[in-house]
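Keep the picture open as you read.

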Amino acid sequence: MVVLSLLNTEDMYAQQIMCALEERSGGMISIVFPYAALYRLIENGYICEAYKKNAPDGRRRQYYQITDGGRTYLGELQAVYRRVIDGVGRILLGGEAHG
């Protein structure tokens, strides 16, 4: 969900995704093997290899892009996430509605 969320805002290459996850989560989220996650997302049709660009150091970077199917799936994941968070909030508040 977090990788799809990042790619929903902009195309990124693997190292950029890893850095953004760590930075935006305050160091709480990291991916040790990003290519395993990326290839799984590609296999499921949620992202694609979009294009390659040269980095300032001369290395070619493969950029990944979310697909329409990935956007749909991201929306589904976010809905489930909100329900889980709401349920946990209700439990922590002793069964009161959480808004």
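What follows covers the core, the surface and the salt bridges.

## Before we start

This is a predicted model, so local features need pLDDT of at least 70 and side-chain atom pairs count only at pLDDT 80 or more, while totals for chains, interfaces and linings use all residues. Residues are numbered from 1 along each chain as its sequence is written, and side-chain values use heavy atoms, with hydrogens and water left out.

## The inside

Let's begin with the largest nonpolar core, which has 16 residues. A nonpolar core is a set of buried Ala, Val, Leu, Ile, Met, Phe, Trp, Tyr and Cys residues joined through side-chain atoms within 4.5 Å. Buried means under 20% relative accessible area, exposed means over 50%, and partly exposed is in between (1.4 Å probe, protein chains only). The members that touch the most other members are Val3, Leu4, Leu7, Ile17, Leu38 and Ile47. Two or more core residues come from each of α1 (2-9), α2 (14-24), α3 (34-43) and β3 (60-66). Those labels are DSSP runs numbered from the N terminus: helices are H or I with at least four residues, and strands are E with at least two.

Which residues does isoleucine 47 touch, leaving aside those up to four places away in sequence? Its contacts (heavy atoms within 4.5 Å) are Leu4, Leu7, Leu38, Leu41, Ile42, Tyr64, Gln65, Ile66 and Thr67.

## Out on the surface

Now for the outside. Val80, Val84, Val88, Ile91 and Leu92 make up a nonpolar surface patch, and together they have about 490 Å² of accessible area. To be in a patch, residues need over 30% relative accessible area and no salt bridge; nonpolar side chains (Val, Leu, Ile, Met, Phe, Trp, Tyr) are joined within 5 Å, and like charges within 9 Å. The areas come from the Shrake-Rupley method with a 1.4 Å probe, and for residues only the protein chains shown count as cover.

## Salt bridges

How many salt bridges does a search of the whole structure find? It finds four, where a salt bridge is a side-chain nitrogen of Lys or Arg within 4 Å of a carboxyl oxygen of Asp or Glu. Arginine 61 pairs with aspartate 57 this way, at 3.9 Å from N to O. Asp57, Arg59 and Arg61 are linked in a network of salt bridges.

Arginine 71 and aspartate 68 meet at 3.4 Å, N to O; they are three residues apart in the helix, so about one helical turn separates them. Arginine 71 is partly exposed at 40%, while aspartate 68 is exposed at 62%. Aspartate 86 and arginine 90 meet at 3.0 Å, N to O, and being four residues apart in helix α4, they are also separated by about one helical turn. Aspartate 86 is partly exposed at 23%, and arginine 90 is partly exposed at 35%.
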